[in-house]
Amino acid sequence: MKFDVIVIGSGPGGYVAAIRAAQLGFKTAIVEKDKLGGICLNWGCIPTKALLKSASVLQTLLHADQYGIEVAPAKANIEKIVDRSREVAQKMNQGIHFLMKKNNISVLEGFGKILPGKIVEVSQDQGSKETYSADHIILATGARSKKLDFIPQDGKYIIGYREALTLKELPKTLTIIGSGAIGVEFAYYFQTMGVEVTLVEYLERIVPLEDAEISRELEKQLKKLGVNILTSTKVNQCLVENNQVKISTETGDLTTDMVLSAVGIQTNLENIGLEEVGIQTEKGKIVVGDYFQTSISGYYAIGDIVKGPDLAHLASAQGIACVENFASHKIPKINYNNIPSCIYTQPEIASVGYTEEEAKAENMQILVGKFPFSASGKATANGQNGGFVKVIFDAKYGQWLGCHMIGTGVTELISEVVVARELETTGFEILKSIHPHPTLSEALMEAVADAYKEAIHI
């Protein structure tokens with residue numbers, strides 16, 4: 001069968017690319033070997049947020065007396081919490097099925113492999129194969145939990161994020177190796193559920209890609225929750241002995257009931273036909289141009305399998321840009337310095353643009369402003385006034401270089417910064433844009449005011 005566009009992989013990059021192609025009049029098919037929506041919807045972003053919401057509700061109930069409310073002692077029903085998370089993922093999966101049908105996109109179930117001549121081979125588990133052709137083939141095969149030899153995942157004592165999402169019997173102690181987004185989110189979730197969590201990080205601070213002040217604040221908040229944090233700690237080996245895991249590090253040994261490996265992800269590039277077609281790769285990623293063209297005409301790649309941050313919303317943007325470009329739309333290149341990042345611990349983290357360290361490393365002359373949520377009327381009324389907003393501006397021209405926030409609800413605030421930076425909005429223009437009171441968004445305006453020595457409420 002001949003299509004105009006075939007997308008391999010139905011994650012947030014793939015299904016969005018397929019929908020945009022169909023909207024533009026292309027006869028489109030999408031290939032998926034598992035569930036529509038990919039890892040993000042079924043085993044990542046969405047079910048994780050459902051678990052974290054349950055943890056947040058439990059945390060609120062445990063401190064209900066702070067709001068003048070008397071309730072019976074709250075208790076987590078882990079089976080119901082996990083079931084709810086799976087139900088949320090299933091509902092979103094059904095939504096993707098609806099979108100495929102609505103946009104007349106053919107869903108080809110099976111494992112997709114590219115062949116020379118713009119051919120896609122789709123294999124079934126039972127061994128049958130079908131071939132399809134298309135003028136444009138988009139690879140969006142995503143990534144999976146990285147497995148390291150010295151942290152051998154067995155699915156029982158040493159697990160990855162998929163097992164963590166469906167864990168209905170909690171260990172007494174859990175050690176999480178890696179403190180990126182996955183590591184710290186699960187640290188918050190399991191600690192709130194009553195597990196004694198130890199978070200181990202090889203580098204000198206947790207969430208090492210974030211601004212240093214954000215890292216320090218999150219470490220303080222997680223320790224306050226009860227999480228034991230070990231930084232500058234290199235893990236040498238994990239061995240299962242007597243129904244426990246012995247972790248050997250360069251600074252000593254740890255013993256724990258279970259280990260969660262959160263050391264990153266690995267791209268799904270194996271056996272998809274890259275070598276047969278001759279598509280160039282570098283350091284485990286497919287090499288692409290500004291609009292995601294690979295080294296072979298007619299083949300494209302988006303999402304985790306290309307260079308850049310491994311973020312669902314970026315993959316979606318890449319898919320749209322890829323399709324609109326080969327549809328001959330005149331569109332700007334993606335600005336990789338304006339991609340927001342969100343981490344859904346409690347407190348949340350949201351950031352975009354330069355960190356203070358990065359700006360100084362490039363010898364930029366900067367203005368830095370901060371506003372603590374402890375000075376925010378809305379945050380204080382909410383009973384969640386930890387954290388702060390930090391902004392960074394170019395001292396000469398007022399260009400908004402970066403913004404870094406930690407606090408309850410900040411993942412909903414970062415879009416203002418992204419849009420403002422896209423429009424090249426200056427600090428002065430933010431100050432003259434009236435923000436409603438009382439809201440958390442005022443903290444953003446107040447941080448900008450602090451950068452320009454005009455802060456009113458601190």
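Student: How many of the residues of β9 are buried?
Tutor: This is a predicted model, and in it strand β9 is mostly covered. Thr173, Thr175 and Ile177 point one way from the strand, while Leu174 and Ile176 point the other way, and all of them are buried. The number of buried residues in β9 is therefore five of five, each falling under 20% relative accessible area.

Student: Which residue of β10 stands opposite Thr175?
Tutor: Strands β9 and β10 run parallel and are joined by five bridges. Within this pairing, the residue that stands opposite Thr175 in β10 is Thr198.

Student: Which element gives the largest share of the largest nonpolar core?
Tutor: The largest nonpolar core has 39 residues, and those with the most contacts inside it include Ile176, Phe186, Leu218 and Leu222. Among the elements that give two or more residues to this core are β9, α6, β10 and α7. The largest share, six residues, comes from α6.

Student: Which residues does Leu222 touch, leaving aside those up to four places away in sequence?
Tutor: Leu222 is one of the buried residues of α7, and it is also one of the residues with the most contacts inside the largest nonpolar core. Leaving aside residues up to four places away in sequence, Leu222 touches Val184, Tyr188, Leu199, Ile206, Val227 and Ile229.

Student: How far apart are the end C-alpha atoms of helix α7, and what span should its 14 residues have?
Tutor: Helix α7 covers residues 212-225, and at 1.5 Å a residue its 14 residues should span 20 Å.

Student: What is found at the start of α7, and which residue just after α7 takes a positive phi?
Tutor: At the start of α7, a side-chain oxygen of Asp211 reaches to within 3.1 Å of the backbone nitrogen of Glu213. Just after the helix, the residue that takes a positive phi, of about 120 degrees, is Gly226.

Student: Why are Lys223 and Glu219 separated by about one helical turn?
Tutor: An α-helix has 3.6 residues a turn, so residues three or four places apart point the same way. Lys223 forms a salt bridge with Glu219, with the closest N and O atoms 2.9 Å apart. Lys223 is partly exposed, at a relative accessible area of 42%, whereas Glu219 counts as buried at 18%. The two are separated by about one helical turn because they lie in helix α7 at a spacing of four residues.

Student: Which parts of the chain does the salt bridge between Glu213 and Lys390 tie together?
Tutor: The side chains of Glu213 and Lys390 meet in a salt bridge at 2.6 Å, N to O. Glu213 is partly exposed, with a relative accessible area of 21%, and Lys390 is buried, with a relative accessible area of 1%. Because Glu213 lies in one of these parts and Lys390 in the other, the pair ties together elements 177 residues apart in sequence, namely helix α7 and strand β23.

Student: Where do Glu250 and Lys234 lie, and is Glu250 buried or exposed?
Tutor: The side chains of Glu250 and Lys234 meet in a salt bridge at 3.8 Å, N to O. This pair links distant parts of the chain, 16 residues apart, with Glu250 in the loop between β13 and β14 and Lys234 in the loop between β11 and β12. Lys234 is partly exposed, with a relative accessible area of 37%, while Glu250, at 55%, counts as exposed.

Technical notes: Residues numbered from 1 in each chain as written. Predicted model: local features only at pLDDT ≥ 70, side-chain atom pairs only at ≥ 80, totals over all residues. Heavy atoms only, no water. Expected span 1.5 Å × (residues − 1). Buried < 20%, exposed > 50% of the residue type's maximum accessible area, 1.4 Å probe, protein only. Polar contact = N/O pair within 3.5 Å; in protein donor to acceptor, adjacent residues only side chain to side chain. Salt bridge = Lys/Arg side-chain N within 4 Å of Asp/Glu carboxyl O. Core = buried A, V, L, I, M, F, W, Y, C linked by side-chain atoms within 4.5 Å. Contact = heavy atoms within 4.5 Å. Pairing = 2+ DSSP bridges.
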